[in-house]
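Please open the model in your viewer and keep the selection panel at hand. The tour below moves from one selection to the next and says what is to be found at each stop.

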Amino acid sequence: MNFVIEHSELKDIHDKVEAGKRIDEADALRLFESRDINALGAIANAARARKVGNRASYIVNRYINYSNYCILSCQFCSFARKKRDADGFQLTAEEMAEKARQALNLGITELHIVGGLHPSLPFSYYTDMLHALKAIDDRLELKCFTAVEILHLAWLAKKSTRETLAELKEAGLSSLTGGGAEIFDKEVRKRIARGKESAEEYLAVHDEWHRLGGRSTCTMLYGHVESLEDRVDHLRQLREQQDKSGGFTGFVPLPYQPENNDIDVRVPPSGYDQLRTIAVSRIFLDNFDHITAYWVGMGLKLAQVALNYGADDLHGTIVEEHIFHMAGSQTPQAHTEQEMINAIREVGRQPVQRNTFYEVIREVEPDPVSQAA
Ligand code: SF4
């Protein structure tokens with residue numbers, strides 16, 4: 001047995017996980033509270049290896065925000081604008097199509113599209129947008145909209161969530177995004193995202209989408225006013241939903257960014273906190289195949305380290321990001337495919353390019369330099 005585990009206070013949890021047993025909320029809280037990050041990382045890394053072997057993935061994608069106008073004012077949000085604000089924007093379908101055409105030259109397989117809850121655009125704007133983007137290249141996967149956007153679109157369309165999702169799917173929607181989960185606890189939600197959909201509504205939208213045969217990711221925004229118990233409760237609700245509908249392809253923990261918003265927390269989560277959150281997520285979410293280290297929030301260097309703490313995916317090339325950068329993220333706007341491959345190779349993993357559903361598109365050739373050595 002690993003020396004680190006043998007002498008760790010977490011050995012009993014390690015043994016439980018190794019025996020294929022599910023850990024409970026008390027175990028997850030102990031993992032969060034432990035200072036034994038090496039043992040925690042070793043347990044998570046073994047759990048990761050059982051899921052994906054030696055592979056670590058990335059996707060070649062592009063983000064597009066169609067608009068940052070929003071009728072809500074979530075306290076943590078640095079992205080949303082009102083119509084009176086000089087830096088508000090909204091794109092036409094043609095402007096989005098132009099961005100998509102340019103990104104196709106970079107080899108993207110996915111467009112990741114979200115925006116605020118726009119005060120006046122009609123439902124047809126969204127279906128026209130999907131049709132226009134799909135018309136450029138039918139193979140392009142359109143990963144669009146958070147759960148609260150879906151509720152907004154259903155309200156616009158005067159249809160049920162299910163009918164709205166079915167219509168969007170018909171227009172070209174490939175996958176829902178996981179954004180907007182924040183922290184599910186009601187009191188925390190009131191403090192950071194007053195007026196936003198409840199946890200039940202977030203999960204119900206994903207549930208409907210999964211029952212239509214769709215797939216989605218899910219998230220947790222952590223490191224602000226929530227407690228460790230709130231994080232565990234959040235993970236529990238995601239695990240229960242996955243037991244029910246099974247359509248989550250991956251989990252993406254999002255470290256809070258503290259600038260330009262109304263939350264009185266001015267320090268982002270530390271590197272230590274980010275690594276333990278990835279690790280506990282990997283161990284607790286035993287019914288999830290993939291855990292993403294989101295470099296936009298973590299930085300590629302820490303995301304790379306997270307590949308040894310339970311993560312098996314670095315997300316994508318992105319190209320243009322607004323939401324985290326308007327909240328103070330100091331990371332670059334984009335990383336090239338080669339930078340992702342290099343980061344994965346350096347920790348001894350086999351880089352694979354994935355699609356929207358975390359399916360392998362190609363195994364990257366072995367590094368000729370290290371082969372020669
Ligand atoms: S988080 Fe989303 S819903 Fe909330 S204000 Fe920002 S854009 Fe609007």
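Between which strand and which helix is the loop that holds Asn260? Select Asn260, and the loop turns out to be the one between strand E7 (248-255) and H12, where helices (H or I, at least four residues) and strands (E, at least two) are DSSP runs numbered from the N terminus. This is a predicted model, in which local features need pLDDT of at least 70 and side-chain atom pairs count only at pLDDT 80 or more, while totals for chains, interfaces and linings use all residues. Residues are numbered from 1 along each chain as its sequence is written.

Asn260 is not a glycine, yet its phi is positive, about 60 degrees. Most residues other than glycine have a negative phi. Asn260 is exposed, with 11 other C-beta atoms within 10 Å; a residue counts as exposed if 12 or fewer other C-beta atoms, placed from the backbone, lie within 10 Å of its own, as buried if there are 20 or more, and as partly exposed in between.

Next, select Ile318, in the loop between E8 and helix H15 (323-326). Ile318 also has a positive phi, near 70 degrees, and is a residue other than glycine, but Ile318 is buried, with 21 other C-beta atoms within 10 Å.

Now go to helix H12, residues 271-284, which has 14 residues and reaches 20 Å from its first C-alpha to its last, close to the 20 Å expected at 1.5 Å a residue (the expected span being 1.5 Å times one less than the number of residues). H12 is mostly covered, with 11 of its 14 residues buried, among them Arg276, Ile278, Arg282 and Ile283.

Helix H16 (residues 337-346) is the next selection, with Met340, Ala343 and Ile344 as its buried residues. These cover an arc of only 95 degrees around the axis, taken from the directions from the helix axis to the C-beta atoms, and therefore lie on the same side of H16. Their cover includes strand E1 (55-59), helix H14 (300-306), strand E8 (313-316) and strand E9 (350-354), whereas the face turned away carries the exposed residues Gln338 and Glu346. After H16 comes Gly348, with a positive phi near 85 degrees.

For another helix, select H6 (residues 123-136) and colour its buried residues, Tyr126, Met129, Leu130 and Leu133. Seen down the axis of H6, they fall within an arc of 95 degrees, so they line one face of the helix. Ser124 and Ala135 are exposed on the other side of H6. The buried residues pack against helix H5 (93-104), strand E3 (110-114), strand E4 (141-144), helix H7 (147-157) and helix H8 (161-171).

Finally, select Glu25 in helix H3 (residues 25-33), which touches Val232 and Arg236, not counting residues up to four places away in sequence.

Definitions and conventions. Contact = placed C-beta atoms within 7 Å.
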